[in-house]
Amino acid sequence: MIFRTAAVLLAGATAVMAADEKAPLRPGAPRPGEEAPRGLNKPGARNLVPNGDFETGTGSPGGWQAVDGLSTFWARDDDPAHGKVIRFDTDVLQSQAYDWWAKIASGASAADAPRKQPTVEPKYDTLAGLDGVWFWSDFIPVEKGKSYWLTVDVKGPPILVWLVGYPEKASTSFGADAAAFQEVLAGRRSGRAPDTSRKREVFVHNYVWKGQLAAGGSTGWKTYSRRGKPFRPTSVTPHVRYVRVMIYPFWPPGAYSVDNVRLTEYEEPAGPVSK
Ligand SMILES: [Ca+2]
């Protein structure tokens, strides 16, 4: 079913765990993001996301999951100011992606990726129409009681970016947090076909908090933030000690570029004393 992914994610955010916002259960492509106000990130503010500009690494950017060479690419942008970026293609048959992801999870290299198979309208069988393309950072420590700004540069249609909170570090292996993909992997190991008939959970729930940032929606590079709403991973879930950033393009099928993922501490302004 098309758009299942967003519905499942949003349902999870409101029903299963403490979320920092009540996102409406709304099928369809994500809404365009809001441009970050100028000066949101104070000069010299430390970016807590290692390699958030994707400039360093060997074969794949350090501090992030492996690119697959089919739906995710570590590429040099046309704009030299951006240097290296992550380029996504959601116009890939999900069946082909799952076949290749199983090999990536076993150590295959993006350099050996298969040629993309043709896709046909209405493309509901692509990653765009089904599970989307997830791209996870490694674990980033956060401090109790603190608030954070998340900003990200996107060129392309709207996407979702999640900040996901965990009490403990867990596996960062390829697809470790993608429940639907893990079902496929387990099915292949046991020789049984996974049950794809029921409404699957797309993401494993070994995290306890998540907050969403809508980003993208422009043919040129723009920086997006959640206007006036810093992320507070420990306000409702004080046992959260780590977050991961998950970049998540899905519908429409096509190309997306992402760069400069920044998570910075936000100092709450001292408000008026209330009685
Ligand atoms: Ca860059």
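## Exercises on a predicted model

An open sheet of 6 strands, with antiparallel pairing, runs in the order β2-β10-β7-β12-β4-β3. The model is a predicted one.

**Exercise 1.** Find which strands are the edge strands of this sheet, and state in which sense β4 and β12 pair.

*Solution.* 
- Step 1. Read the strand order, β2-β10-β7-β12-β4-β3. The edge strands are β2 (34–35) and β3 (72–76), each of which pairs on one side only.
- Step 2. Turn to strand β4 (residues 84–89) and strand β12 (residues 255–266), which pair in the antiparallel sense over 4 bridges.
- Step 3. Locate F88, which stands opposite Y256 in β12.
- Background: strands of a sheet pair through backbone hydrogen bonds, either parallel or antiparallel.

**Exercise 2.** Check the span of helix α3 (residues 179–190), then determine where its buried residues fall as seen down the axis.

*Solution.* 
- Step 1. Helix α3 has 12 residues, and at 1.5 Å a residue these should span 16 Å. The end C-alpha atoms of α3 are 16 Å apart, which agrees.
- Step 2. List the buried residues of α3: A180, F181 and V184. Seen down the helix axis, the buried residues of α3 fall within an arc of 100°, so they line one face of the helix.
- Step 3. Recall the general rule: an α-helix has 3.6 residues a turn, so residues three or four places apart point the same way.
- Step 4. Look at the face of α3 turned away from the buried side; it carries the exposed residues A186, R189 and S190.
- Step 5. Identify the cover: what lies over the buried residues of α3 includes α2 (94–105).
- Step 6. Go past the end of the helix. α3 is followed by G191, and the phi of G191 is positive, near 80°.

**Exercise 3.** State which residues of the largest nonpolar core touch the most other members, and which residues V152 contacts beyond its neighbours within four places in sequence.

*Solution.* 
- Step 1. Begin with the whole protein: it has 3 helices and 12 strands, and buried residues make up 40% of its 275 residues.
- Step 2. In the largest nonpolar core, of 58 residues, L150, V152, V161, M246 and Y248 touch the most other members. Strand β8 (residues 159–166) gives the largest share of this core, 7 residues.
- Step 3. Take V152. Leaving aside neighbours within four places in sequence, V152 is in contact with V161, L213, A215, Y224, V258, N260 and V261.

Technical notes: Residues are numbered from 1 along each chain as its sequence is written. This is a predicted model: local features need pLDDT of at least 70, side-chain atom pairs count only at pLDDT 80 or more; totals for chains, interfaces and linings use all residues. Two strands pair if DSSP finds at least two bridges between them. Helices (H or I, at least four residues) and strands (E, at least two) are DSSP runs, numbered from the N terminus. The expected span of a helix is 1.5 Å times one less than its number of residues. A residue is buried if 20 or more other C-beta atoms lie within 10 Å of its own, exposed if 12 or fewer, and partly exposed in between; C-beta atoms are placed from the backbone. The arc is that of the directions from the helix axis to the C-beta atoms. Two residues are in contact if their C-beta atoms, placed from the backbone, lie within 7 Å. A nonpolar core is a set of buried Ala, Val, Leu, Ile, Met, Phe, Trp, Tyr and Cys residues joined through C-beta atoms within 7 Å.
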